[in-house]
Amino acid sequence: MLISPYICYLIAEGIELSGIVSILTNGIFLNYYGTPNVQASTRKVTKGAVETIAYITESMVFLFLGIGVFAIDHPYQEMGWGSIMIAGLNLNLARALNIWVVTALVNRTRTVGTKINGKQQFVMWVAGLRGAMAYALALDASKENMAGRIMLVITLLYALFTILIVSSILYPVMTACQVTGSASDDSEHAELVETVRRSEETKNCTWKLKRAL
């Protein structure tokens, strides 16, 4: 399981596709199909190893984010503040549309108590803006042409903004939206709501049956 993502990365790079996206896709498939076929003890060791590697590599990525702003020669003069502001607006709008469309589709298959409400969607929009994956993709694109270098600059500035500014206000936003409870509390609440709903439906069916008789 530890070597599989690296093999996918090599194959994707060999056929000139995105190795980063291939690693992400491989992780999703491993979670669904690989993890259930592994013993509990092996799963525990593998999980700890993956979390350790992920923590180290994530720290390195964020370190590169900070260094990349000053260490890399960026085309600041060719850009201007207008392009940065428009790019930031487009990124936030695209994320809002993405969350709204995906949650609308997911809510169609959920019960009343487990649907993702508007406050949760807002927190998802605010919280998921850091760009470690985007930075890696932009860094790869910057090797091609000027457009890739501009993309890298915008990614760096946007990632730093979300890390330094958005992260500092994230907890107050979550508290204001009342989404700071644990996952167990949310599941218990959803289960209670679903139980009450089914009880009401049973009462209504019983009352209609008695009325019909």
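Here are some questions and answers about this predicted model.

User: Let's start with the overall fold. How many helices and strands does the protein have?
Analyst: Happy to begin there. From the N terminus on, the elements run α-α-α-α-α-α-α-α. The count for the protein is therefore 8 helices and 0 strands.

User: What share of the residues counts as buried?
Analyst: The cut-off matters here: a residue is buried when its relative accessible area is under 20%. The protein has 213 residues, and the share of them that counts as buried is 21%.

User: And how much accessible surface does the protein have, and what part of it belongs to carbon and sulfur atoms?
Analyst: The accessible surface of the protein comes to about 15,400 Å². The part that belongs to carbon and sulfur atoms is 66%.

User: Which element gives the most residues to the largest nonpolar core?
Analyst: Good one to look at in the viewer. The core is made up of Leu-65, Val-69, Tyr-135, Ala-138, Leu-152, Leu-156 and Ala-159, 7 residues in total. Helix H3 (40-71), helix H6 (132-141) and helix H7 (146-177) each give two or more residues to this core. With 3 residues, the element that gives the most is H7.

User: Which residues does Ala-138 contact, leaving aside its neighbours within four places in sequence?
Analyst: Ala-138 is one of the residues of the largest nonpolar core. Once the neighbours within four places are set aside, its contacts are Gly-148, Met-151, Leu-152 and Thr-155.

User: Where does the nonpolar patch lie, and which helices each supply at least two of its residues?
Analyst: The patch lies on the surface and is formed by Leu-2, Ile-3, Ile-7, Ile-11, Ile-15, Leu-17, Val-50 and Ile-53. Together these residues have about 770 Å² of accessible area. The helices that each supply at least two residues are H1 (4-14) and H3.

User: Is Ile-3 buried or exposed?
Analyst: Ile-3 sits in the segment before H1 and is a member of the nonpolar patch. A residue is exposed when its relative accessible area is over 50%. Ile-3 has 58% relative accessibility, so the label is exposed.

User: Why does Ser-22 count as buried?
Analyst: Ser-22 belongs to helix H2 (residues 19-34). Beyond four places in sequence, Ser-22 is in contact with Cys-8, Tyr-9 and Ala-12. Buried means under 20% relative accessible area, and Ser-22 counts as buried because its value is 17%.

User: How far is the backbone oxygen of Cys-8 from a polar atom of the side chain of Ser-22?
Analyst: Cys-8 is among the residues in contact with Ser-22. Between the Cys-8 backbone oxygen and a polar atom of the Ser-22 side chain, the distance is 3.4 Å.

User: Which residue has its backbone oxygen 3.2 Å from a polar atom of the side chain of Thr-103?
Analyst: Thr-103 is placed in helix H4 (residues 81-107) and counts as buried at 3% relative accessibility. Not counting residues up to four places away, Thr-103 touches Ile-116, Gln-121 and Met-124. The backbone oxygen at 3.2 Å belongs to Trp-100.

How values were computed. Residues are numbered from 1 along each chain as its sequence is written. This is a predicted model: local features need pLDDT of at least 70, side-chain atom pairs count only at pLDDT 80 or more; totals for chains, interfaces and linings use all residues. Side-chain values use heavy atoms; hydrogens and water are left out. A nonpolar core is a set of buried Ala, Val, Leu, Ile, Met, Phe, Trp, Tyr and Cys residues joined through side-chain atoms within 4.5 Å. Buried means under 20% relative accessible area, exposed over 50%, partly exposed in between (1.4 Å probe, protein chains only). Helices (H or I, at least four residues) and strands (E, at least two) are DSSP runs, numbered from the N terminus. Contact means heavy atoms within 4.5 Å. Patches are made of residues with over 30% relative accessible area and no salt bridge: like charges are joined within 9 Å, nonpolar side chains (Val, Leu, Ile, Met, Phe, Trp, Tyr) within 5 Å. Accessible areas come from the Shrake-Rupley method with a 1.4 Å probe; for residues, only the protein chains shown count as cover. A salt bridge is a side-chain nitrogen of Lys or Arg within 4 Å of a carboxyl oxygen of Asp or Glu. A polar contact is a pair of N or O atoms within 3.5 Å; within protein, one must be able to donate a hydrogen and the other to accept it, and residues adjacent in sequence count only if both atoms are side-chain atoms.
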